[in-house]
Amino acid sequence: MLKRQQVLAHWTPRQIQQIRDLVSFQARVDTIKALMPLPHVESVARQFYLSSADSVPPRGAKAPVSTLILKTYAPRTSKLALNFMYNQFDDLQKAGFTFADSVLYVYKSYMQDHHHLAANSPTPFVKFEHFYSIASHLVTKNAVLQRCSTCGSRNFFLRNPSRYVSSCISCESIAAVSRAAPVVRTA
Ligand SMILES: [Zn+2]
């Protein structure tokens, strides 16, 4: 059986850091293998889990992307967070970054902001596995970023199920803020 040090000797420090990042994001071992297809990556990921606070990689069934979009991330603040992340992700993809690098970069930035903004909340709002599943939909064209004809921002749009009605979250948010703003009367 190969020792961890023998395996790691063939990887770059950046690859090792990316696997450590994925473990800290609570990525499944299958997901780590898909993003970082290196020999023995599963056993190394499991060992990294063993030496971290979360000693067991997450298991259980994955939620379908339609459920994530239509239910889990349906509230406005969730949609805004996701839209922002997918715009960043799409920009990186168009700039020629790999899928794995784009997913990792965007989620790492999100986590840094999350820790910065919500020191009292240990659980990130957007889960890595959810972000990864939905990002895969953009790559396979099961979802697209549609530009709003009113404000020009890009919105995540799921092609299936067709009952999903696309609306612009930026326009909705501006409208909600306008409704909530106190009416200023001028004499
Ligand atoms: Zn808009």
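The legends below describe close-up views of a predicted model.

Residue numbers start from 1 along each chain as its sequence is written. Because the model is predicted, local features need pLDDT of at least 70 and side-chain atom pairs count only at pLDDT 80 or more, while totals for chains, interfaces and linings use all residues.

**View 1. Overall arrangement of the protein chain.** The protein chain contains nine helices and two strands; helices (H or I, at least four residues) and strands (E, at least two) are DSSP runs, numbered from the N terminus. Along the sequence, these elements follow the pattern α-α-α-α-α-α-α-α-β-β-α. Of its 187 residues, 21% count as buried, a class that requires 20 or more other C-beta atoms within 10 Å of the residue's own; 12 or fewer make a residue exposed, values in between make it partly exposed, and C-beta atoms are placed from the backbone. Among contacts between residues at least 6 apart in sequence, 52% join residues at least 24 apart, where two residues are in contact if their C-beta atoms, placed from the backbone, lie within 7 Å.

**View 2. The packing of helix 2 against helix 4.** The axes of helix 2 and helix 4 are 10 Å apart, and the two helices pack at an angle of about 55°. Axes are lines fitted to C-alpha atoms, for helices over the stretch in contact, and angles run from 0 to 180 degrees between N-to-C directions. Helix 2 and helix 4 are therefore oblique to each other; angles under 35 degrees count as roughly parallel, over 145 as roughly antiparallel, 65 to 115 as roughly perpendicular and the rest as oblique. The contact is formed by Ile 19, Arg 20 and Val 23 of helix 2 together with Val 41, Val 44, Ala 45, Phe 48 and Tyr 49 of helix 4. These contact residues comprise seven nonpolar, no polar and one charged. In this classification, Ala, Val, Leu, Ile, Met, Phe, Trp, Tyr, Cys and Pro count as nonpolar, Asp, Glu, Lys and Arg as charged, and the others, Gly among them, as polar.

**View 3. The crossing of helix 5 and helix 8.** Helix 5 (residues 65-72) and helix 8 (residues 128-139) have axes that come within 9 Å and cross at roughly 110°. That angle makes helix 5 roughly perpendicular to helix 8. Val 65, Leu 68, Ile 69 and Thr 72 of helix 5 meet His 130, Ser 133, Ile 134 and His 137 of helix 8. The residues of this contact divide into four nonpolar, four polar and no charged.

View 4. Strand 1 (residues 143-147) pairs with strand 2 (residues 154-158) in the antiparallel sense over five bridges; two strands pair if DSSP finds at least two bridges between them. Val 144 has Phe 157 in strand 2 as its bridge partner, and Arg 147 has Arg 154. Six residues lie between the strands of the hairpin, in which Gly 152 takes a positive phi near 85°.

**View 5. Two loop residues with positive phi.** Gln 26 lies in the loop between helix 2 (13-24) and helix 3 (29-35). Although Gln 26 is not a glycine, its phi is positive, at about 65°. Gln 26 counts as partly exposed because it has 17 C-beta neighbours inside 10 Å. His 40 is located in the loop between helix 3 and helix 4 (41-50). His 40, a residue other than glycine, has a positive phi near 65°. With 16 other C-beta atoms within 10 Å, His 40 is partly exposed.
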